[in-house]
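These are my notes from a first look through one structure.

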Amino acid sequence: MSFLRRQAVIAALTANALRPLTGQRAGIPAFAAGWMYGELAPQVLALTAADTALHLSPLRRGPRSRLGLALAAGSALGLAHLVRQSQRARHHVEDALVEGLGVEYVEQLDAPPTPADLATPWRQLLNPLWMRERRVHVERDIAYSTYGRRGMLDIYRPAEGDLSGAPVLLQVHGGAWMTGRKDRQAIPLMQHMAARGWVCVAINYRLSPRAVFPDHIVDVKRAIAWIKEHIAEYGGDPDYIVITGGSAGGHLCALAAVTPNEAEWQPGFEEVDTTVQAAVPHYGVYDFAGSTGLRSAVGMRDTFLAPRVLRTTWKREPEKFEAASPILRVDGDEPDFFVIHGASDTLVDVGQARAFVDRLREVSNSSVVYAELPGAQHAFDTFPSIRSAHVVRAIERYLNWHWNSWRQGREVDAGAAPGDEPGTAARA
């Protein structure tokens with residue numbers, strides 16, 4: 001491929017990362033072309049600069065070469081903007097934590113973040129596809145249900161030292177409820193948290209079109225039940241579970257959080273408490289029913305969710321779509337939420353996240369943190385990047401704050417007089 005053609009392709013990809021096309025038809029190809037490209041902007045910028053340097057010789061300054069150089073210059077400016085935008089994610093996530101929790105939230109951390117903690121970890125990003133962590137041990141393919149490979153989970157925990165009573169993070173993969181695996185998503189987050197003393201559980205679940213909703217959420221709740229019964233064997237605290245997930249996993253994460261102990265979705269284990277203590281959904285789908293009025297949500301409902309996930313229509317059984325919509329299940333008893341979404345997401349309209357957060361803040365008695373990331377596409381956190389590194393460390397701070405606050409609350413409640421309502425001592 002000639003220099004001009006290479007630079008034309010890079011320029012087109014850069015333009016798509018900067019201003020992706022939206023809509024049902026354009027959104028999917030815009031995502032396919034842009035989700036990795038935008039997160040790899042530093043690497044692409046370096047390659048563009050190297051390629052351009054090879055074509056600065058006077059012998060190569062013909063019309064086609066000059067056009068290629070002009071495209072390279074434009075791409076370099078766009079890529080530099082993408083890099084700066086990714087770096088600013090640090091401020092967006094920190095501002096979100098302060099807004100949702102208060103500036104004093106850092107007082108609940110084990111230690112306030114240092115400048116090194118907040119800096120971009122350039123060395124770790126040199127090879128973004130290398131995602132091994134020697135400080136973490138992974139136990140794979142543990143059965144939590146009877147559905148073969150779709151009923152298995154992996155456990156991430158520290159490789160050294162004895163572990164007991166550690167906080168637990170449950171990860172639910174995405175993939176449009178039709179694809180995906182437990183070992184392909186959120187690896188940076190799970191490794192980061194396991195290296196810091198958490199027990200992380202990544203699950204498979206049954207997939208459409210073979211599985212029909214609510215099979216997916218039943219499996220997530222079954223996994224929670226398994227954790228409650230068995231996680232102490234792996235060093236985890238069965239009383240403290242935070243759930244996270246992206247895309248379809250973000251939907252299932254949020255839905256599980258707002259529908260604890262839903263007997264209909266706990267066949268054979270109705271008596272198990274499936275409450276979680278907090279939820280951290282990424283770029284999730286919160287509106288199956290189109291209740292937000294967003295054209296994108298109605299389109300997703302009728303053209304994708306109805307025929308492929310629920311196998312019915314809105315007109316025939318609207319109650320099934322409403323039951324599956326986290327935004328319609330908020331009733332005030334939700335756990336704490338940290339909602340994360342990219343402003344440039346072309347697969348799931350950021351308007352769904354905004355509406356869901358508005359509903360939580362209107363009704364919920366728990367804390368709500370919302371980070372909207374300019375320039376971020378869907379699935380921006382699949383592998384290590386500037387943006388995902390800052391988001392992962394913000395999630396670490398959030399989880400550290402939540403775990404310490406929860407433990408303090410439990411200790412205070414343990415000191416309450418017999419017969420007092422939970423939290424009485426804390427309010428005294």
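**Entry 1: the largest cavity**

I looked up the largest cavity and found about 70 Å³ of space in it. This is a predicted model, in which local features need pLDDT of at least 70 and side-chain atom pairs count only at pLDDT 80 or more, while totals for chains, interfaces and linings use all residues. Residues are numbered from 1 along each chain as its sequence is written, and side-chain values use heavy atoms, with hydrogens and water left out.

Grid points are joined across faces, edges and corners, and a volume is the space filled by probe spheres set on the points. By this rule I count three cavities of 30 Å³ or more.

I then listed the lining of the largest cavity: N16, A17, P20, A30, G34, W35, G38, E39, L82, G375, Q377 and R387. Helix 1 (3–18) and helix 2 (24–39) each supply at least two of the lining residues. Helices (H or I, at least four residues) and strands (E, at least two) are DSSP runs, numbered from the N terminus. Helix 2 gives the largest share of this lining, five residues. By class I have five nonpolar, five polar and two charged residues. Here Ala, Val, Leu, Ile, Met, Phe, Trp, Tyr, Cys and Pro count as nonpolar, Asp, Glu, Lys and Arg as charged, and the others, Gly among them, as polar.

**Entry 2: P20**

Where does P20 lie? I find P20 in the loop between helix 1 and helix 2. P20 is buried, with a relative accessible area of 17%; buried means under 20%, exposed over 50%, and partly exposed in between (1.4 Å probe, protein chains only). Leaving aside neighbours within four places in sequence, P20 is in contact (heavy atoms within 4.5 Å) with A15, A30, S344, T346 and Q377. I also checked P20 against G375: the two are 355 residues apart in sequence, and their C-alpha atoms are 9.4 Å apart in space.

The largest pocket has a volume of about 1,200 Å³. I find 45 residues in its lining, and I28, S247, L347, V348 and H378 lie nearest its centre. Helix 2, strand 5 (236–246) and helix 10 (295–310) are the elements that give two or more residues to the lining of the largest pocket. Helix 10 gives the most, with six residues. The classes here are 17 nonpolar, 21 polar and seven charged.

The second largest pocket holds about 970 Å³ of space. It is lined by 37 residues, and R135, H192, R196, R393 and E396 are the closest to its centre. Two or more residues come from each of helix 6 (115–118), helix 7 (187–194) and helix 13 (386–414). The largest share, eleven residues, comes from helix 13. I sorted this lining into 18 nonpolar, nine polar and ten charged residues.

**Entry 3: strand 7**

Seven of the seven residues of strand 7 (residues 336–342) are buried, so this strand is largely enclosed by the rest of the structure. D336, F338, I340 and G342 point one way, and F337, V339 and H341 point the other.

Which strands pair with strand 7? Strand 6 (residues 278–282) runs parallel to strand 7, joined by three bridges; I use the rule that two strands pair if DSSP finds at least two bridges between them. H282 has I340 of strand 7 as its bridge partner. Strand 8 (residues 368–373) also pairs with strand 7 in the parallel sense, over six bridges, and H341 has E372 in strand 8 as its bridge partner.

Strand 7, helix 12 (residues 350–363) and strand 8 make a right-handed β-α-β unit. Right-handed is the term if, with the strands pointing away from the viewer, the path from the first strand over the helix to the second runs clockwise.

**Entry 4: strand 2**

In strand 2 (residues 152–158) six of the seven residues are buried, so it too is largely enclosed by the rest of the structure. Strand 1 (residues 136–143) pairs with strand 2 in the antiparallel sense over six bridges, and E139 stands opposite I155 in strand 2. Strand 4 (residues 199–203) pairs with strand 2 in the antiparallel sense over four bridges. There I see L153 opposite I203 in strand 4.

Note on methods
On a 1 Å grid over the protein atoms alone, a cavity is a set of points where a 1.4 Å probe fits but cannot get out, and a pocket is an open set with protein on both sides within 12 Å along at least five of seven lines; lining residues have an atom within 4 Å of a point.
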